[in-house]
Amino acid sequence: MTEKSEKHTVLKTFLSCRDSLARYILKMSVKKEDVDDILQEAFIRVYHEDKKKQIRSPKDYLFIVSRNLIYKGLRHQSKEIASDIEDDLLGHDNKQTDIELHNKQKFQAFNDALSTLPEKNRRAILLRKYYGLSHKEISQKLGVSVSSVEKYISKGIKQCGDILIAQGYGMKGSGMNTSTSQVKENNS
């Protein structure tokens with residue numbers, strides 16, 4: 001196959017699956033205004049990869065690249081949010097250095113614990129805590145019932161709390177258990 005026909009194969013594939021790819025991207029908690037950027041980046045990456053080595057299934061590869069771009073973006077956003085929250089937690093008071101260090105370590109431990117959760121639990125917590133979505137909005141994004149979202153968040157927060165307790169960041173009955181009830185109260 002010539003380079004020109006390879007280009008046309010990837011382009012034809014992209015054009016034929018663009019709408020379904022856009023719907024797939026939207027289901028992955030992406031804002032509508034970001035979909036075209038992801039589509040463009042996915043096409044460019046697949047096109048360049050196909051130039052290096054012909055891709056057997058460009059359609060599948062487009063979906064995989066799109067998913068990876070979304071995950072990369074979510075990780076980047078999560079790090080930015082974590083950095084902002086960390087800055088807020090640490091403040092600028094030198095007298096609080098020990099408390100600030102403890103909070104920073106606890107926050108990092110929470111992020112580490114969060115990363116060990118099953119994907120639906122982690123996404124539900126991130127969408128609720130970091131993006132401020134309601135349980136109903138999260139249920140629509142994840143394609144599950146509102147009660148499932150509540151269970152994902154509750155179970156995820158409890159698992160994170162158990163991990164933090166095991167690492168010495170609190171005692172049973174304080175800290176994370178309060179956060180779980182606060183999550184429920186915020187949605188009532």
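**Notebook: salt bridges in the predicted model**

I looked up D162 and K158 and found that their side chains form a salt bridge, with N to O at 2.9 Å. I took a salt bridge to be a side-chain nitrogen of Lys or Arg within 4 Å of a carboxyl oxygen of Asp or Glu.

I note that this is a predicted model, in which local features need pLDDT of at least 70, side-chain atom pairs count only at pLDDT 80 or more, and totals for chains, interfaces and linings use all residues. Residues are numbered from 1 along each chain as its sequence is written, and side-chain values use heavy atoms, with hydrogens and water left out.

I placed D162 and K158 in helix α7 (residues 146-166), four residues apart, about one turn of the helix. Helices here are DSSP runs (H or I, at least four residues), numbered from the N terminus. I read D162 as partly exposed at 30% relative accessible area and K158 as partly exposed at 43%; buried means under 20%, exposed over 50%, and partly exposed in between (1.4 Å probe, protein chains only).

I next examined R45 and E41, a salt bridge whose closest N and O atoms are 2.6 Å apart. Both lie in helix α2, four residues apart, and so are separated by about one helical turn. R45 is partly exposed at 37%, and E41 is partly exposed at 31%.

I then looked up R18 and D36, whose side chains meet in a salt bridge of 2.8 Å, N to O. Because R18 lies in helix α1 (residues 3-27) and D36 in helix α2 (residues 32-52), the pair ties together parts 18 residues apart in sequence. R18 is partly exposed at 29%, and D36 is partly exposed at 46%.

I recorded a count of three salt bridges by this rule.

Notes: Helices (H or I, at least four residues) and strands (E, at least two) are DSSP runs, numbered from the N terminus.
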